[in-house]
Amino acid sequence: MRSPVTDEDAPGDPGGVRPPDGAARTATEGDGAAVEAVEVPLGRRVMVVSDLLLTAEATPSTLAATGELARALDTWDGPGVLVIAGNLVDEGAAGGPDPTARALEAHPALRAALARFLAEDDRRVLRQLGSHE
């Protein structure tokens with residue numbers, strides 16, 4: 001099974017989920033970094049998370065944090081967007097090939113919740129890379 005969020009995915013396109021035409025625009029900030037604007041229609045939910053810093057070894061605190069996020073995704077009602085605003089994974093600590101997949105394997109509740117979330121119509125996950133990725 002393909003991980004819902006992998007290192008091979010382009011930032012802003014985790015899991016191969018692409019926005020519908022006209023739903024996103026890419027611009028450049030003054031420092032040259034790409035910025036994506038995502039239109040969120042009225043009535044849709046957005047959740048933003050960051051700095052989970054997951055590794056290939058689960059800890060009590062990462063299991064608690066990912067368990068809470070998994071519960072929030074599993075109880076989500078209707079369409080919406082989950083934004084991972086950087087540092088989902090601590091690549092330095094996760095190590096090896098595809099540290100994102102290794103980190104998600106160590107946190108199965110989150111991995112399964114992401115897959116279920118993305119299986120529903122009109123739901124997206126956007127991932128921005130952070131300073132640890």
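Welcome! A search of this whole predicted structure finds 2 salt bridges (a salt bridge is a side-chain nitrogen of Lys or Arg within 4 Å of a carboxyl oxygen of Asp or Glu). Before you click, note that residues are numbered from 1 along each chain as its sequence is written. Because the model is predicted, local features need pLDDT of at least 70 and side-chain atom pairs count only at pLDDT 80 or more, while totals for chains, interfaces and linings use all residues; side-chain values use heavy atoms, with hydrogens and water left out.

**Stop 1: the salt bridges**

Select Glu-68 and Arg-71. Their closest N and O atoms are 2.8 Å apart, forming a salt bridge. Both belong to helix α1 (residues 60–74), and, being 3 residues apart, they are separated by about one helical turn. Helices (H or I, at least four residues) and strands (E, at least two) are DSSP runs, numbered from the N terminus. An α-helix has 3.6 residues a turn, so residues three or four places apart point the same way.

Asp-74 lies in α1 and Arg-116 in helix α4 (residues 108–119), so the pair ties together parts that are 42 residues apart in sequence.

**Stop 2**

Next, show the strands. An open sheet of 3 strands runs in the order β3-β4-β5, with parallel pairing. The edge strands, each pairing on one side only, are β3 (45–49) and β5 (123–128). Neighbouring strands here are turned by 15 degrees against each other on average, direction ignored. Angles run from 0 to 180 degrees between N-to-C directions, and axes are lines fitted to C-alpha atoms, for helices over the stretch in contact.

Zoom in on β3 and β4 (residues 80–85), which pair in the parallel sense over 5 bridges; two strands pair if DSSP finds at least two bridges between them.

**Stop 2: the core**

Keep Leu-82 selected. Leaving aside neighbours within four places in sequence, Leu-82 is in contact (heavy atoms within 4.5 Å) with residues including Met-47, Leu-69, Leu-114 and Val-125. Leu-82 is also among the members that touch the most others in the largest nonpolar core, which has 20 residues. Such a core is a set of buried Ala, Val, Leu, Ile, Met, Phe, Trp, Tyr and Cys residues joined through side-chain atoms within 4.5 Å.

**Stop 4**

Move to α3, which is mostly covered, with 6 of its 8 residues buried. Among them are Pro-99, Thr-100 and Leu-104.

Finally, select His-107 in the loop between α3 and α4. His-107 is buried, at 1% relative accessibility. Show Thr-62 as well: a polar contact of 2.8 Å joins the two side chains. A polar contact is a pair of N or O atoms within 3.5 Å; within protein, one must be able to donate a hydrogen and the other to accept it, and residues adjacent in sequence count only if both atoms are side-chain atoms.

Definitions and conventions
Buried means under 20% relative accessible area, exposed over 50%, partly exposed in between (1.4 Å probe, protein chains only).
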